Amino acid sequence: MAPSETINHSHDCEKYADGVDWDELGFGLIRTDYMYTMKCTDGENFSHGHLSPFGNIELCPSAGILNYGQGLFEGLKAIRTEDSRIMLFRPKENALRMKMGAERMCMPSPSVEQFVDAVKRTVLANKRWVPPPRKGGLYLRPLLMGSGSNLGLGPAREYTFLIFASPTGNYHKGRAALNLYVEHKIHRATPGGTGGVKSVTNYSPVYQSQKEARGKGFSDVLFLDSVTGKNIEEISAANIFILKGNVISTPTLIYGTILAGVTRKSIIDIALDFGYQVEERMIPVEDLLEAEEAFCTGTAVVVNPIGAVTYRDKRVEYKTGEGALCQKLYETLTGIQTGRLEDKKGWTLEIN
Ligand SMILES: Cc1ncc(COP(=O)(O)O)c(C=O)c1O
């Protein structure tokens with residue numbers, strides 16, 4: 001154990017952190033007690049991570065992450081069940097996605113076991129920040145970055161894997177139905193680029209579209225493929241599904257332009273169990289406009305209804321609310337995540 005890894009147990013870890021309004025959790029950062037750090041130099045493997053008090057980190061101004069965006073992030077949640085157990089949802093999937101992204105970004109990555117162990121340790125050290133049942137989850141943000149200094153363009157010589165945590169509630173307040181703008185001028189990803197991995201470089205380029213759309217009263221933007229501009233891909237940080245009849249469709253991952261969401265994968269399985277036909281395919285905007293329902297999925301948004309989309313000057317509305325499939329999928333997914341429903345698929349990992 002590293003010298004800095006002395007967890008202060010003077011507070012009762014079973015008690016909740018003071019000063020948090022658990023009923024009003026949104027998606028902003030709430031600083032928790034500890035973060036996890038593990039470093040390695042290029043050509044070596046990660047080993048000996050440690051917990052330390054949450055705080056700022058020091059980087060050389062010429063660090064690879066700051067200059068050339070050599071970095072990835074992940075996102076997953078620890079959820080407290082009604083009987084106060086703490087569960088992670090498919091953390092190995094996040095570990096594997098980070099490994100895949102690390103290869104694309106020429107970085108070493110922690111092994112799946114190291115990743116999951118680090119997540120567990122971060123949650124346990126911040127246990128009092130895991131929200132009460134049904135109030136939200138402790139969001140874990142693993143980062144992998146080129147932290148070594150480098151002036152010339154090329155992979156860094158030192159890497160840092162870091163996890164911090166923050167209690168979060170609804171990403172979109174009250175799971176309000178989204179009013180999406182279909183972005184037809186700016187693109188998020190190109191085939192052969194990094195759209196399919198969780199590179200930090202994929203995110204700030206969407207701010208301009210988001211800002212313009214939000215300025216016009218939309219909740220978020222839906223991106224189109226950059227080759228033809230005719231097919232829907234994904235929302236800035238969530239995957240999309242549409243429903244028509246008994247068929248649920250979601251954009252295919254084969255072009256490497258869409259993030260393979262862990263929630264997306266889980267919703268496909270649940271929808272198949274419900275008896276729906278699920279298609280992963282190219283989805284022309286016209287199919288979106290003719291769908292009966294549309295919803296998006298992600299760790300932060302969970303399964304969120306889409307109430308309306310606007311494409312150029314055409315606006316269409318979708319079914320939302322109690323009778324909608326989206327609600328049924330949400331209840332089932334969160335039922336498994338919170339221990340309310342039996343986890344027949346072995347998706348949850350209890351950690352206390
Ligand atoms: C671009 C993008 N698409 C989709 C998702 C949903 O992925 P997941 O369900 O693994 O959270 C995310 C969030 O992580 C994302 O950033």
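The model is predicted, so local features need pLDDT of at least 70 and side-chain atom pairs count only at pLDDT 80 or more, while totals for chains, interfaces and linings use all residues. Residues are numbered from 1 along each chain as its sequence is written, and side-chain values use heavy atoms, with hydrogens and water left out. Helices (H or I, at least four residues) and strands (E, at least two) are DSSP runs, numbered from the N terminus.

**Salt bridges: the count**

- A salt bridge is a side-chain nitrogen of Lys or Arg within 4 Å of a carboxyl oxygen of Asp or Glu.
- By this rule there are 18 salt bridges.
- Side chains of opposite charge can pair when their charged atoms come close.

**Arg85 and Glu350**

- Arg85 and Glu350 form a salt bridge in which the closest N and O atoms are 3.2 Å apart.
- This pair links distant parts of the chain, 265 residues apart: Glu350 belongs to strand S17 (residues 348-350), and Arg85 to the loop between strand S4 (76-80) and strand S5 (86-89).
- Glu350 is partly exposed, at 40% relative accessibility.
- Asp83 joins Arg85 and Glu350 in a network of salt bridges.

**Arg121 and Asp117**

- A salt bridge connects the side chains of Arg121 and Asp117, at 3.5 Å from N to O.
- Both residues are in helix H3 (residues 112-125), where they are 4 residues apart, about one turn of the helix.
- An α-helix has 3.6 residues a turn, so residues three or four places apart point the same way.
- Arg121 is partly exposed at 24% relative accessibility, and Asp117 is partly exposed at 34%.

**Arg340 and Glu331**

- The side chains of Arg340 and Glu331 also meet in a salt bridge, with 3.7 Å from N to O.
- Arg340 has a relative accessible area of 43% and is partly exposed; Glu331, at 36%, is partly exposed.

**Helix H5**

- Helix H5 covers residues 262-273, which is 12 residues.
- From its first C-alpha to its last, H5 reaches 17 Å, close to the 16 Å expected at 1.5 Å a residue; the expected span is 1.5 Å times one less than the number of residues.
- The buried residues of H5 are Val262, Thr263, Arg264, Ser266, Ile267, Ile268, Ile270 and Ala271.

Notes:
Buried means under 20% relative accessible area, exposed over 50%, partly exposed in between (1.4 Å probe, protein chains only).
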